Amino acid sequence: MCAIVGSFNRDKFEELIELNTYRGNHSYSFAEYDIKNRKFNNLVRDFGYFDFSVLDGISKGNYLIGHVQAPTTDSKDKDSIHPSELNETFLWHNGIIKEDCVRELQTNLGNYNKWDTNLLHQWIINDKDLSEIDGTFSCLYANNNSLFLFRNEISPMFIDNDFNLSSTKFVGSKATEPNELLIVDLNNKKLNTKFTFTTKENPYFWE
């Protein structure tokens, strides 16, 4: 189990990290997104509980992105700490892709990486259909200086009017729309739908 957190406000960010810590403390990551220049100023990955000292020196107005992780696959080394990074794109993932689907992704992509997040990431950058992904996923994706949110019907993601983001529901938040790739407009605090997909299996059954 994992969690994704985002906020413009350091205090709120810390609050949401604490709220989501129960979802994983094997490892964490932190990224500071410069919305003016559309780039990441820093990206930290490490093991253990979230180290709030990484927030020292952040710039006002930037968007803070955090991830806490309890690995759900055999990949437990530093290379499997979120986000997955490919060709200057980034994917933060909360969820589990089923083993049968992982094997199908490996075959289709010609890559036998065991980390389901990385395989999902490769699927996305190859413009494949998210409707084919069997499992649970709620993701934040950065590509070409843009941010996107998407989730299927099974995996949670909550947001409020100030664009505080959390995998766990918090006061004043509401669930993001499932089955939609949402363009994240941080300047105007809006979510715009780019395209839709379907949840492969809901209700969700393990085979």
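## Basis and first sheet

Two strands are taken to pair if DSSP finds at least two bridges between them. The model is predicted. On this basis, 6 strands make up an open sheet with antiparallel pairing, in the order β5-β6-β7-β8-β12-β13. Its edge strands, each of which pairs on one side only, are β5 and β13 (190-196). From one strand to the next the twist averages 25°.

Within this sheet, 3 bridges join β5 and β6 in the antiparallel sense, and Leu86 stands opposite Thr89 in β6. The loop between β5 (84-86) and β6 (89-94) contains Asn87. Asn87 has a relative accessible area of 68% and is therefore exposed, the threshold being over 50%. The C-alpha atoms of Asn87 and Gln122 are 10.0 Å apart in space, although the two residues are 35 apart in sequence.

## Strand β7 and its partners

β7 is antiparallel to both β6, with 5 bridges, and β8, with 6 bridges. Cys139 takes part in both pairings: Cys139 is the bridge partner of His93, and Cys139 stands opposite Phe150 in β8.

## Helix α3

Helix α3 (residues 116-125) lies across β5, β6, β7 (138-143) and β8 (146-151), and its direction is at about 130° to β6. Of its 10 residues, 9 are buried; among them are Leu119, Leu120, Gln122, Trp123 and Ile124. The buried residues of α3 pack against β5, β6, β7 and β8, and also against α2 (99-109). After α3 comes Asp127, which has a positive phi near 60°.

Strand β1 (residues 2-7) is joined to strand β4 (residues 63-69) by 6 bridges in the antiparallel sense. One of the facing pairs is Gly6 with its bridge partner Ile65 in β4.

## Cysteines

How many disulfides does a search of the whole structure find? The search finds 0. Cys2 is in no disulfide, and the nearest cysteine sulfur, that of Cys139, is 10 Å away. Cys101 is likewise in no disulfide, with the sulfur of Cys139 as its nearest cysteine sulfur at 12 Å. For a disulfide, the two sulfur atoms would have to be within 2.5 Å.

Are Cys2 and Cys101 buried or exposed? Cys2 counts as buried because its relative accessibility is 4%, and Cys101 is buried with a relative accessible area of 3%. The cut-off for a buried residue is under 20%.

Methods: Residues numbered from 1 in each chain as written. Predicted model: local features only at pLDDT ≥ 70, side-chain atom pairs only at ≥ 80, totals over all residues. Heavy atoms only, no water. Helix = DSSP H or I, 4+ residues; strand = E, 2+ residues; numbered from the N terminus. Buried < 20%, exposed > 50% of the residue type's maximum accessible area, 1.4 Å probe, protein only. Axes fitted to C-alpha atoms, helices over the stretch in contact; angles between N-to-C directions. Contact = heavy atoms within 4.5 Å.
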